[in-house]
Amino acid sequence: MHNSRSEKDVLKDIKKLIQTHFGESAQGIHVEVRGDKVTLWGTMDSLVEKDFFASRIGRIAGVRELDNSLTVANDGNILDKDIERDIIERFQGSRYEDIAHLGCRVSRGIVTLLGHMETQSEERFAKRLASQIRGVKEIRSEIQFLQKAVDDATLVNRVETAMVASPWVDAHEIKTAARNGLITLTGLVDSPEEIEWAVDTAYKVPGVKAVVSEIFARHQSQGEDLWLTEQLVSKLGQHRLNSGQIRAFVKDGIAFLTGEVYSEEDREWAGKMIQYIPEIHEVNNSIKVAAHSAK
């Protein structure tokens, strides 16, 4: 597909994104745009920042390919044993019992997760928690899954049922296929956020080994909508309402919020974030409060 946006416009949006989320600390980030491909290089403070930055760039209209060559900085004072200790403490502070019992080993900043879990979704969440720890350069997994083998026809049925049940996915626009536990999703949805919810939903289904998304979004952020979206995401992150819990985007001055939080207070607080961004004049808050704690 031909890129309808100029390299200059795409680069301008990326630089605004960098400034919004990282400010002066982004001096070590370098960007090159050639056609619809973006290349990143330089250093960041943590693995979670590297992954977060890449995920935000992928939402920009005109970006179809991303080479994320960013590296995680290490001042040499962070020891493997310190990283291991911090990860275990983060796991034990989790609301999820299965994650609280996980272990890990660390070698030169490379973390390997150890233990048993029920679903791939739990493993992804554990990786996200570990990536927040300073000094982590890469995360690998030797986690064993307790789920029983499921035939592909049953797996497709389970995933499609989960899609229908999700309040944030239009199941009619997504097709599901399975082969040896690998789920492939195809279709056309309204936004990149809906693609993420579809993938997350599939990963939560017992028996799913991996998910490949071939879903495309009708609308990607650019210009003013992108600028306002990233400001809102940044404000939510500052109040510990991160992109793993809540998805947010702005279109024509209206903020759309989806996701799940642990209290009504968090839900209301997320909706109030627009007061810090005058250009957003309305909020559509579809965030749900978890029925009960997982721990």
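**Helix packing and positive phi**

Mentor: Helix α3 (residues 80-92) packs on helix α5 (residues 120-131) at about 130°, their axes 9 Å apart. α3 is therefore oblique to α5. This is a predicted model: local features need pLDDT of at least 70, side-chain atom pairs count only at 80 or more, and totals for chains, interfaces and linings use all residues. Numbering starts from 1 along each chain as its sequence is written, and side-chain values use heavy atoms, without hydrogens and water.

Trainee: What does oblique cover?

Mentor: Under 35 degrees is roughly parallel, over 145 roughly antiparallel, 65 to 115 roughly perpendicular, and the rest oblique. Axes are lines fitted to C-alpha atoms over the stretch in contact, with angles from 0 to 180 degrees between N-to-C directions.

Trainee: Which residues of α3 and α5 meet?

Mentor: Contact means heavy atoms within 4.5 Å. I87, R90 and F91 of α3 meet A126, L129 and A130 of α5. By class, that is five nonpolar, no polar and one charged residues. Ala, Val, Leu, Ile, Met, Phe, Trp, Tyr, Cys and Pro count as nonpolar; Asp, Glu, Lys and Arg as charged; the others, Gly among them, as polar.

Trainee: How do I read phi?

Mentor: Most residues other than glycine have a negative phi. N180, not a glycine, has a positive phi of about 55°. D252 also has a positive phi, near 55°.

Trainee: Where does N180 lie, and where does D252 lie?

Mentor: N180 is in the loop between β9 (174-179) and β10 (182-189). D252 is in the loop between β12 (246-251) and β13 (254-261). Helices (H or I, at least four residues) and strands (E, at least two) are DSSP runs, numbered from the N terminus.

Trainee: Is N180 buried or exposed?

Mentor: Buried means under 20% relative accessible area, exposed over 50%, partly exposed in between (1.4 Å probe, protein chains only). N180 counts as exposed because its relative accessibility is 59%. D252 is exposed, with a relative accessible area of 59%.
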